[in-house]
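Please view the sequence and structure before reading on.

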Amino acid sequence: MRSRLFVAAFTAVALLTACGGGGTDPGPDAESPHAARADGAELLFRGSGRASAQNPAFSPDGASVVFTLFREGYNEGAAALRVLPLGARGTARAKPTTLLDEADRAAVNLPGSSWSPSGEVAFASDRAGRDEVWVLRPGGEPARVTAHEGASGYLEPSFSPDGAWIVFQESVEREGSGDHAGSGSLWKVRRDGTGAVRLLDGPATRSDNRQPNWSPKGDKLVFQRREGDGDWALYTVNADGSGLRRLTRGRGEHTDPSWSPDGRWVVFSSTEGGLDLPQIFVTPADGGGRPVRVTRDDGRYDGAPSWSPDGRWIAFESHAGDEDRPSSLWRIPAPGTG
């Protein structure tokens, strides 16, 4: 999701096999899960009316996708958590089920590592009056992880691969200064709410750090960072807060990062190269290569990508045009799978 304020190495040829020419939206009446774009992307789910489906994240077994459904449009209104069952071929096999839906409350998951190995989903919610981190097992009751005072919000939680820790962002907005105003810090906390540690201090470094995602090995985090009024860039940092390293350097806004299942690649949304609308890209996680474009529909915003556990697919949210209109969920073959 765009920030609410905004087994060999793959070759370039292999990375481009999933990319075709520009595509078009199959239209508001295209409810079939097999609807496709010219770049090879296939529709997974579209809500009705103004409902906006966002932030797809695969379950550990790849059998389902959790996502956030905003009721009043893109990032607008109350939001529920839904789970979309997937069939053997990875397409939707049934209508989504409800994980959590509370009137006038917003429950929002992060694309990427939203699930623990035991099947719990981490999410942020204002159900207790301010944004806190919660976890929920399908069929269970929400369990609160964080409790804090002050005006900041605890958002965008991501599970460590062993399920023992959750990393999240603490966001503080400076009133009246708009989308370039945030001061986001990164924290981690144990699943039971103890041992909270601040990893990166946004206000102290005059930076905005958001959407952290844990690596499959549990040794690193990838996240988006902005310094001053600059563009969003992707960074990695060790799980103890050391070793900060910039991952992207090309022109454009780089956001929504998460990892490939082998930890060698990062998938993200970007306007790399001067694009008007963000598309899905991948880049080597060691920073040693250039981003390679995966989706290719210049008339659509594509964002919030997540890689499937078997490495075959990338799910993402998408809508036509540059306005924040309701989005739908899509998937595209992951680079190198043919």
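Predicted model: local features only at pLDDT ≥ 70, side-chain atom pairs only at ≥ 80, totals over all residues.

Q: Which residue forms a salt bridge with Arg 144?
A: A salt bridge requires a side-chain nitrogen of Lys or Arg within 4 Å of a carboxyl oxygen of Asp or Glu. The closest N and O atoms of this pair are 3.2 Å apart. The pair links distant parts of the chain, Arg 144 lying in strand 9 and its partner in strand 8, 12 residues apart. The partner of Arg 144 is Glu 132.

Q: Is Glu 132 buried or exposed?
A: Residues under 20% relative accessible area count as buried, and those over 50% as exposed. Arg 144, at 39%, is partly exposed. Because Glu 132 has a relative accessibility of 0%, Glu 132 counts as buried.

Q: Which residue meets Glu 120 in a salt bridge?
A: Glu 120 is itself buried, with a relative accessible area of 11%. Its partner lies in the loop between strand 12 (182–190) and strand 13 (197–200), 71 residues apart from Glu 120. The two side chains meet at 2.9 Å, N to O, and the partner is Arg 191.

Q: How many charged residues does the lining of the largest pocket have?
A: The largest pocket holds about 480 Å³ of space. Of the 24 residues that line this pocket, the closest to its centre are Phe 58, Gly 112, Ser 113, Trp 115 and Pro 216. By class, the lining has 12 nonpolar and 12 polar residues, and the number of charged residues is none.

Key:
Residues numbered from 1 in each chain as written. Heavy atoms only, no water. 1 Å grid on protein atoms, 1.4 Å probe; cavity = no way out; pocket = protein on both sides within 12 Å on 5 of 7 lines; lining within 4 Å. Points joined across faces, edges and corners; volume = space filled by probe spheres on them. Nonpolar A, V, L, I, M, F, W, Y, C, P; charged D, E, K, R; others polar. Helix = DSSP H or I, 4+ residues; strand = E, 2+ residues; numbered from the N terminus. Buried < 20%, exposed > 50% of the residue type's maximum accessible area, 1.4 Å probe, protein only.
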